[in-house]
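The sequence and structure come first.

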Amino acid sequence: MQLQDSLGRPLRDLRISITDRCNFRCTYCMPRENFGPEHVFLEKEEILSYEEMASVVASLIPLGLAKVRITGGEPLLRRDLSVFIAMLRELDSELDIALTTNAVLLERHAESLFKSGLNRITVSLDAIDTDLFQAITDSRNTPEEIFRGIETAQKIGLPVKINCVLKKGVNESQIIPLTQACIDRKITVRFIEFMDVGTTNNWNLDSVMSGEEVRQVLRDHFGPLVPKASAHPSDVARLWSLVDGSMIGFIESVTKPFCGDCSRARLSAHGSIYTCLFSEQGFDLRSILRFGANTEDIATVIRDIWTHRGDRYSELRTQLKETRQPVEMSFIGG
Ligand code: SAM
Ligand code: SF4
Ligand code: SF4
């Protein structure tokens, strides 16, 4: 039976954060001032096991779940990720299984991920200029390493998209070179509006580069852009095509909110369900999982949570701001 929330939206998509740790300290996501040596990450026993995560997925498939996205923190830091992917694949041969990663470790893991049943990968890449890349990620890695991982994945047949978060005054200089690099490699790039998630990234509206502003930069360089129809209403990216047929995506969560079609739930590494990226609180599933709940018990709990869901934060953003303390992005995985 298809589940619907209080606004008639199904639960089609689950994003699972499998770790709260990361090998980058992106300034807008895990700034080192807040995620330095004194930061307390989750202990191993606080994090859901792969079996526990798989049982949440198993409980949701009969309720209409069609897609799982594995994220983090940095998901490739967690050991034996391909074992988890194989578990999910075993549950449902049709399940769409995707991974969001910074791709530092992709070259090493791409093949085993593919063999265990991963369908596709989204790589986050905000700059292809090395100095800027290192400044944004607060790391010593390079865009070349990221592209090596991408090429390995493409060679073995894993489709790859690139997501780029743009922040005004930081990386708008990368729009043209990143788009050109993606055209050359036949990769769809998606530009994401910088969002006010979490409490540590000093968000303000002036720092948001809107999708329309990005399209204008692209038109000035590449010529006309033509909007394309989405394959599915819950697709977060709106696609536009350049004259040569290259596709560019725009995730305009700030200027064109898409809450009306939002069918996404999020499972944090410590086992809470969040019904919105901007939720202040999750619903604890770990306790019931460790109390011996079976998939039907979990389904009953999630059905109750989802039928009461009325989240539409992005549509209400301007009325709600100031007093809220939404959960950090690295915790529930974007
Ligand atoms: N570490 C992995 C990665 O970077 O792909 C997965 C987790 S990361 C939290 C998932 C996505 O969230 C990344 O594409 C990142 O750019 C995006 N993200 C983080 N903070 C954001 C923000 N404030 N606004 C928009 N996107 C953000
Ligand atoms: Fe890590 Fe991804 Fe956040 Fe960057 S965006 S700090 S890579 S979790
Ligand atoms: Fe979905 Fe919440 Fe984002 Fe709206 S603000 S699209 S409800 S996650």
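## Helix α4

At the start of α4, a side-chain oxygen of Asp129 comes within 3.2 Å of the backbone nitrogen of Asp131. Just past α4, Asp138 has a positive phi of about 50°. Helices are DSSP runs of H or I, at least four residues, and strands are runs of E, at least two, numbered from the N terminus.

Helix α4 spans residues 130-137, and its buried residues are Leu132, Phe133, Ile136 and Thr137. Buried means under 20% relative accessible area (1.4 Å probe, protein chains only). They lie on the same side of α4 because they cover an arc of only 120° around the axis. The arc is taken from the directions from the helix axis to the C-beta atoms. Their cover includes α5 (143-155).

## Basis of the model

The model is predicted: local features need pLDDT of at least 70, side-chain atom pairs count only at pLDDT 80 or more, and totals for chains, interfaces and linings use all residues. Residues are numbered from 1 along each chain as its sequence is written, chains are lettered from A and ligands numbered from 1 in the order in which they are written, and side-chain values use heavy atoms, without hydrogens and water.

## Nonpolar core

The largest nonpolar core has 99 residues. Such a core is a set of buried Ala, Val, Leu, Ile, Met, Phe, Trp, Tyr and Cys residues joined through side-chain atoms within 4.5 Å. Leu14, Ile70, Leu81, Phe84, Phe191 and Leu218 touch the most other members.

Beyond its neighbours within four places in sequence, Phe84 is in contact (heavy atoms within 4.5 Å) with Ile16, Ile18, Tyr50, Met53, Ala54 and Ile70.

## Ligand 3

Residues around ligand 3 include Phe258, Cys259, Arg264 and Asp311. Here a residue counts if one of its heavy atoms lies within 4 Å. Strand β10 (264-267) and helix α10 (313-320) each give at least two residues to this shell.

Terms used:
Buried < 20%, exposed > 50% of the residue type's maximum accessible area, 1.4 Å probe, protein only. Polar contact = N/O pair within 3.5 Å; in protein donor to acceptor, adjacent residues only side chain to side chain.
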